[in-house]
Every structure is written in C-alpha cells, then in structure tokens.
Amino acid sequence: MSLSRALFIRSAAGIAATAALPLSASAADELRVAFIPDVATTAASYAEKQPLVDMLQRATGRSVRLIIPTNYAATVEAIGNEGVDLAYFGALTYVKANQRYGARPLVQRLEDRRFHSLFIASAANGALDSLKELKGKTFAFGDVNSTSGHLIPVKEMLEAGVNPDTELKTRFTGNHTATAIAVSSGQVDAGAIDETVYRKLVADKTLDPAKARVFYTSKPFIDYVWAVRKDLDSSLVTSIRHGFLEANDPKFLALLRATRYVTANDREYDVIRETAKKLDLL
Amino acid sequence: MLATAVDVRATLDFLRTPVLETIAIAAGALPIAILLGAPAAITIARGGRAGVVLRALAAFVRAIPELVLAIVFVVALGFGAVPGTLALGLSGAATIAKLYAEILESVRREPEEALRATGATATASFLVGLVPAAWPGLIGFGAYTFESIMRAAVIVGVVGAGGLGSAMITSLNLLDYGAFGWYVAALVALVIAVDSASGILRARAPAWMALAAFAIVSLVGIVALATSTHDPWHAFATAPPRVITYLARAIPPAFTPTVIGNAAWSVLETLGVAIVGTLVGAIAAIPLAFLVAGVVASGWVRGTGYRPWSVVPAFVARVVLVIARSVPPIAVALVALAYVGLGPKAGAAALAIHTAGVLGKLFAESLELGDTLPAEALVASGSSGLAAVAVGIVPGAFAAMSAHLLYRWEWNVRASTTLGIVGAGGLGQQIFNAQQLLHDRELLAYVIVAIVLVLGSDRITQLARRRFELRTMER
C-alpha cells in the first residue's frame, strides 16, 4: 500500500466520523464545512478535497474541518444547530435550509445556473426512448431531497403526462451513485441522476454508459449553492466569498468541476421553491 | 512482508476512530441506562402509583424507535457522539427498567420480608434479602443491554451520530465495500467481545468484578464524552430551546388522508417483515439449536452414545449462531439490499438471520435446561435417540421456547419499524422519508402509528403469555 493511500484512509476515517473522541483537540475558531453526501460519492476521497481545504484556509486564516453527513437532511439540520458554518447544498436542500434556519446563499459555479438531470435506462430491461414510455416501469430516484435526482425528474415526468406516484414503481436509492448502480445492474428499469455525477462515473470507468444509457435530458434549472449559517460573522462570510470568487487554482476548480464561481442570489431559487411546494416537497 | 505490516497498520488505523467512537457511545450510554433504569425498576417492582406510572413510561419510551430518539437528539445537539449516547442511554434505561423490574418481581420475597420483620431498614433488607438472589439476572440483562446498545449504535450512526454506523453508510456511499466489510467485522468483534465478557461475569465472577467492569466502562464513556471535539456543554445549554422548537413544529401531527393511507400500507408491510423474519428465523433456529444443544454431539441423553465426529457440526453451528446474532439487522439489511433489492424483502431477510442467531442460542438453552430423565427412560426401553429427544425432551422445553419466540416477535416488530431507514420498507421508511423531507407534522403522525403498533403487539403477546402461562425467565 502506498503512503498516499494510507494517508487517504487515515484522513477519510477521521472525517467520516464527524465527531468526538480525544483524538484531536478542539479548535474554537475552526471553520466547519459540510457537503451533502452526493459530492462525497463522486469526488471520491477526502484527501482529494485538500485543494478546497487549502483555499478556505488561505481565505479565512482558520483551520478547516470537512464534514460529510450521511444524508441530505442532516446537512440542513447541521446548519440549523450550529453544527456547521458553511455548507454545500443542492437547490432543494438550500431552499429548505433557508426557510427553516435562515441559511444565506453565497456563491455557486457558473454551471449551477444551467444544470440538467439525466434520465438513464437500463440496457438489461429493454428499450426506453421517452418519458411517456416510463409508465409501468420501475424507477430509481436519488435522495428524496435531491434536486436533480428527485424534484426536477418528478416535475418533468408530470409535464410529460406520467404520474410517478401512480403509474411507476419508484424507489429512493439515497444518492446518485447508488442510482447509477441500480440502473446499470438492472435492479430498476430507469433512474434520474445528476449530470455531473453521471459524467464523472463514466470518466472514472465506474459506470458503463452502454448499461445505463441517457434517453432524456431535462430542461435547465438552477442547482447547487454554497451557503452559510444565519449568524456567521460577516467579515468571515466576506472572506469566504472572496476566496471562492477569486479562486483560480486549476486543482481546486477541477475538484469541484467548476469553470469559475459567481455570486448566488436567493431570489433565483423562487422557481425551485414553487416547484417544491407544488410537489409537496417543501 | 513489510508491505503486509503496513497494510495491517493502515487497516487498524482507519478502523480506530469509528470503533473507538462506537465504544465511547455504548460506554457512555450504559451508565445512563443503569443509573436511570435501575431506580425506576425498583420503583416499578415495589408497585404503587409511582410504579404504575414508571412502568407505562418505560413501555412508552421502549416503543419509540431508537432512530426517532436519535433524530431528536441529533437535531438538538448536532452531530457527534453526544446525541447518540443520550439517545441510546434513554432507550437503554427503559429496557433496564422493564427487565430489572421483571427480575426483582420474579425473585422470592420471603428473605426480604423476614429481614424487615426483624427490624432491618427497607434499604438494608432490599440489598441483603433481594439483590443477591436477583444478582445473576441483573448482571446478565445489564450485559445484554450493553450488547444491544452497541448494536443499536449503528442505527443512530446512520442519522449522523457518529461511530461505525456513520462509517458504514459513508463507505457504502463511497462504494468502498472493502471498508464496509471491515466495519461490519469490527462490529461483530465488539459484540462478541461484550458477549463473552458478560458470559464470564454471569457464570463465575464475584460481584465486585461485575461492579468494577461497570465502573471501568462508565469511566471510559465519561472520559470519551468529556474530551470529545464536540463542545458538549455549549450543546447542552442550547439544546432545550431547539428541542422545543422542533417539537412545536411537529404539533399537531398531520393525519391527512395520504398519511393515513401510507401508514396503513406501511403497518401491513412492517408486520409482514416481522412475521416472515420471526418465522423463517425460528425455523432456521431449530436445527441449529439441536446441533448446539449437543443432541447430536455429546449424547447428553444417557444411552444415545457419544459421537465424536459430530462435534464438528456442533462447533460450526455455534459459530454460525454467534455471527448471526452479532451482526446488527441494519447492517445485514444493507448487505441484503444489494442482493434482493430495495424493499421489505431485505428487511425480512435481515431479521430472519438475526432471529435465527438469537433463537438458536435460546432454544438450545431451553433444550439443555429440560429434564433428561424421560428421554433416558425411553432410550433404556429401546427407543432411538432421535425419538427419545422428540418425545422426551422437546415437550418439556416447549413452553420456554414459545416464550422466547414471543419475546423475539416483540423485538422484531420494534426492529422492523426501524429497518426502513436503509430502504427496507415499512413504517421505518415512512418515518425516515418524513424526517428527510423535514415534514415534521407527518413525521410525528408516523411515529405515533409506530408507537401504537409496538404497544399493541406487546399487549397481544402479553395476553398470549397470560393465556398460556409462558414466562421468559425460568423461576
């Protein structure tokens, strides 16, 4: 085993356990950063996230602790109970964190302003070419709070005249990677997935695109955003924002699959809010 | 050679944090469970109005799925070991209150009453007259609770309370099945260690050793919590208003037509999982119990003869049982999901495996406790060993086996309300989805349904027990 692999395992374990124990001392001015679990499943290792940690440390002058909760809702609760200072949300989780705990939007990738969901079909279970043909099929959503893995796919299905509640057998897999596996292994006929996760899995050769073929791409929507908790010190908020906006380290941008960062605006999430309300997801 | 050493060290390294955290959670929860549960048990055993109230309270807390307790504490206290410890401590206290009260009630009271009559104080009479007789039971069930807490630590880990549970979910999300396997193995090792330690304490250790073990475990828990990176005092100070806000948002519970429809279907699914899990587990347990009990191996029914070649199946059966009951059903469900897909099938499979492990052991004990004289007489009069066991042993053990089966059924109903959090169907899945969506009022509605279901099933088994005069404890 190489040294880097050993180091990865050590840091992964340290961070995976989000808490406790006399193993490391508490730092009062630590910046605690949380991801929704999605991102963890694709950007793979915690050690690979070092460019992000470095950027935030440089920008804020604080030590940074990464936390990856086990599910989307936990990230929302964490920003409510001061468990974390800065969190990476999907659109739906952001809207919830904002409504419930006053989380404030900060920055997002240029790409997040025109994001897409992909509908993928299992090669094992016959041909599928349109949303209408989903009637009677088994279908995998990601986490119930996923924007690209649940909210938008449901919206698009309803617009296509397919009711996922009554006309499909649907399941939640918990994350995009699990959806990809469920589809490619034929456990379900089809599924909905975050476009960047799908591309990453294919590029990493974790997923054979022939076994989970894209048959429909959603209309663009606004998605991921970095947000801070309501009462985080404003000078700290400013330095985090500048850190992102001025970031040009290629390693950092590649890690987060970004070209550059732009300021996020709460009002632009109104469309997500309305959709979520209509679908009883808010 | 060197590479192997590095491998082993790296493996131990990445297991260290979650394992220590799980130990910390369980060790911290045990003193909470005992210190809250034991006085409650004494009050319950004494009877009176306070006893009745506490008994109802304990039954109520036990009916709340551990997952729900964990959610509330995580919301209140943030991530980390502290919320997990408190959630498990509270549910452990309710278990201790029930089990200890049953033990104290089942012990003969004459010695205590005699002491009272001679003018001894109530406390002294209790300590000298009652506790020694109840001692093996108290130790046994204390250790059993510790073991259950350790297994349940996985459940609270799933919602972010740290330890092996969080590590398992994270490793699965990362598709790191190797790490997942190591975490499961580590947990099995922990549970087996607690199991064997409690066996020793129960069988031959003096009382001071059991007390010392308890003190050491408590100390470990307290030190671990006090020095955790999480700031427990700040968390405790800010927790009450958060819990109140959280609960206030959930009232009134949303019993909408949709919720009622979902709940009705989920109750059926939960009961289905519990029934299939219990029955399949019990059926699988029977041959294993016969193997382990030595019906085959040792020939303890005199005259059936000792068969050295059959020691091997007995040993294999024993190992199978230990592993089957050490892995928490939720971990089995996570593995089963990969094979049978999402849904109640995975839940039923997980419960069946765990039930087979637990019932196999208890059935074997029931068989061994029985009187062997009738069987020996049968063998002496020319019947075959197998027939002698069937006619001479099984009927005598039947009552104890049925009692264990009923107890397991209750436990499985509880467990199946929880398994849904990993996608294994039933009420647990509705509870988890409502919590995930942050639909607090629907969450409360499903939790109420789950509590009613558990209390209702307990009530039915209670009636069955009374009707057929079945007791879990031998007396």
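This is a predicted model: local features need pLDDT of at least 70, side-chain atom pairs count only at pLDDT 80 or more; totals for chains, interfaces and linings use all residues.
Chain B contains 19 helices and 0 strands. Of its 475 residues, 55% are buried. Its accessible surface comes to about 20200 Å², and carbon and sulfur atoms account for 73% of that area. Among contacts in chain B between residues at least 6 apart in sequence, 79% join residues at least 24 apart.

Helix 12 of chain B has 16 residues and spans 23 Å from its first C-alpha to its last, close to the 22 Å expected at 1.5 Å a residue. The residues of this helix that are buried include Ala314(B), Ala317(B), Leu321(B) and Ala324(B). A nonpolar surface patch of about 520 Å² is formed by Val312(B), Phe315(B), Val316(B), Val319(B), Val320(B) and Ile323(B). Val320(B) belongs to helix 12, residues 311-326. In an α-helix there are 3.6 residues a turn, so residues three or four places apart point the same way.

In chain A, Tyr269(A) occupies the loop between strand 11 (261-263) and helix 12 (270-278). Among the residues that Tyr269(A) touches are Tyr94(A), Gln108(A), Ile222(A) and Asp223(A). A polar atom of the Tyr269(A) side chain lies 2.7 Å from the backbone oxygen of Asp223(A). Tyr269(A) also touches Ala91(A); these two residues are 178 apart in sequence and 7.2 Å apart in space, C-alpha to C-alpha.

The accessibility of two residues is set out below.

| Residue | Relative accessible area | Class |
|---|---|---|
| Val320(B) | 40% | Val320(B) partly exposed |
| Tyr269(A) | 0% | Tyr269(A) buried |

Val320(B) is classed as partly exposed because its relative accessible area is 40%, whereas Tyr269(A) is classed as buried because its value is 0%.

Technical notes. Residues are numbered from 1 along each chain as its sequence is written. Chains are lettered from A and ligands numbered from 1 in the order in which they are written. Side-chain values use heavy atoms; hydrogens and water are left out. Patches are made of residues with over 30% relative accessible area and no salt bridge: like charges are joined within 9 Å, nonpolar side chains (Val, Leu, Ile, Met, Phe, Trp, Tyr) within 5 Å. Accessible areas come from the Shrake-Rupley method with a 1.4 Å probe; for residues, only the protein chains shown count as cover. A salt bridge is a side-chain nitrogen of Lys or Arg within 4 Å of a carboxyl oxygen of Asp or Glu. Helices (H or I, at least four residues) and strands (E, at least two) are DSSP runs, numbered from the N terminus. Buried means under 20% relative accessible area, exposed over 50%, partly exposed in between (1.4 Å probe, protein chains only). The expected span of a helix is 1.5 Å times one less than its number of residues. Contact means heavy atoms within 4.5 Å. A polar contact is a pair of N or O atoms within 3.5 Å; within protein, one must be able to donate a hydrogen and the other to accept it, and residues adjacent in sequence count only if both atoms are side-chain atoms.
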